Amino acid sequence: MLTSQIDEDSFDSTPMADCSQCQHQHTLLIAGNCKLGHCCVLAESGRQIDRFFKAHPEQALCYIHDVFWERRAIAARYLPQNQLITLLADPDEAVRRVLAYRLPIDLLLTLRNDEDREVRVTVADRLPTEQLELMADDPDYLVRVYVARRLPSGRLFRLVADTDAEVRRIVAERIPQVSLGLLANDPEVTIRRTIVQRMDVDDIQLMQSDSDWLVRYEVALRAKQYQLEQMLSDADAEVREVVQQRLALMDMEKEIDDE
């Protein structure tokens, strides 16, 4: 009894279209090439619509101006690539998101100023690297994150002072070593720690007077002897302890070498 009730409830919840209103009622339906409640272009069901276009991709072009946004978005997945441009001005972001994934690379820039963030993120993820800088000033931090991840490391300078910490963190991890000093005064401690970890050891003296003890601790872990000697009076006890330990180890190694 319980199984019967579940099956009946499941059937009742399946979106069903009115086949009498469908242009395919005398063709595909009669031939058994679409099925009410399963493979149906008129049902307000993304799964049913997708099954329809998967079976009949040639029908996609007939639905690019359909009143139902989801029908247009799914049709866009099956359109020939040379027909996608007809949907560039579609009012629904779901449709334009499909375009961002499918447009030929040479047309992607037409969507770089789209009002929808997800569209622009996809564009930033697909654009050739030589065009990526065009999106470095995008108003949304997530788009700039994608730009920072993909830009050649030698072209990350314009993002060094980005307003978003996540963007700058990626820059700190990827920018050429010789340019790390550009981030030495970053307001985020985690970014400055990354800088110290990546810097050439001869350059980390730049960071030994940092305002945060964690940054100075990182300096103490890598510094040369003459740099460590300058940190013996550091304000933080943990930093001083590391400095003293490393200097003691250096003295011990020197004694062994002298023997």
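Student: Which residues in α7 meet which residues in α8?

Tutor: This is a predicted model. In it, Ala 165, Arg 168, Arg 169, Ala 172, Glu 173 and Arg 174 of α7 meet Ile 191, Thr 194, Ile 195 and Arg 198 of α8. Sorted by class, the contact of α7 with α8 has five charged, four nonpolar and one polar residues.

Student: At roughly what angle do the axes of α7 and α8 cross?

Tutor: The axes of helix α7 (residues 165-174) and helix α8 (residues 189-198) cross at roughly 5 degrees and come within 9 Å. Angles under 35 degrees count as roughly parallel, so α7 is roughly parallel to α8.

Student: Which residues have the most contacts inside the largest nonpolar core?

Tutor: The general idea comes before the case. In soluble globular proteins, nonpolar side chains tend to be buried together. Here the largest nonpolar core has 68 residues. Those with the most contacts inside this core are Phe 53, Val 123, Val 147, Leu 159 and Val 171.

Student: What is Val 171 in contact with, leaving aside its neighbours within four places in sequence?

Tutor: With those neighbours set aside, Val 171 touches Ala 148, Leu 156, Leu 159, Val 160 and Leu 183.

Student: Which residues are buried in helix α2?

Tutor: In α2 (residues 46-55), the buried residues are Gly 46, Gln 48, Ile 49, Asp 50, Phe 52 and Phe 53. Their cover includes α3 (69-78).

Student: And which residues of α3 are buried?

Tutor: Arg 71, Arg 72, Ala 73, Ile 74, Ala 75 and Ala 76 are the buried residues of α3. Among what covers them are α2 and α4 (93-102).

Definitions and conventions: Residues numbered from 1 in each chain as written. Predicted model: local features only at pLDDT ≥ 70, side-chain atom pairs only at ≥ 80, totals over all residues. Heavy atoms only, no water. Axes fitted to C-alpha atoms, helices over the stretch in contact; angles between N-to-C directions. Helix = DSSP H or I, 4+ residues; strand = E, 2+ residues; numbered from the N terminus. Parallel < 35°, antiparallel > 145°, perpendicular 65-115°, else oblique. Contact = heavy atoms within 4.5 Å. Nonpolar A, V, L, I, M, F, W, Y, C, P; charged D, E, K, R; others polar. Core = buried A, V, L, I, M, F, W, Y, C linked by side-chain atoms within 4.5 Å. Buried < 20%, exposed > 50% of the residue type's maximum accessible area, 1.4 Å probe, protein only.
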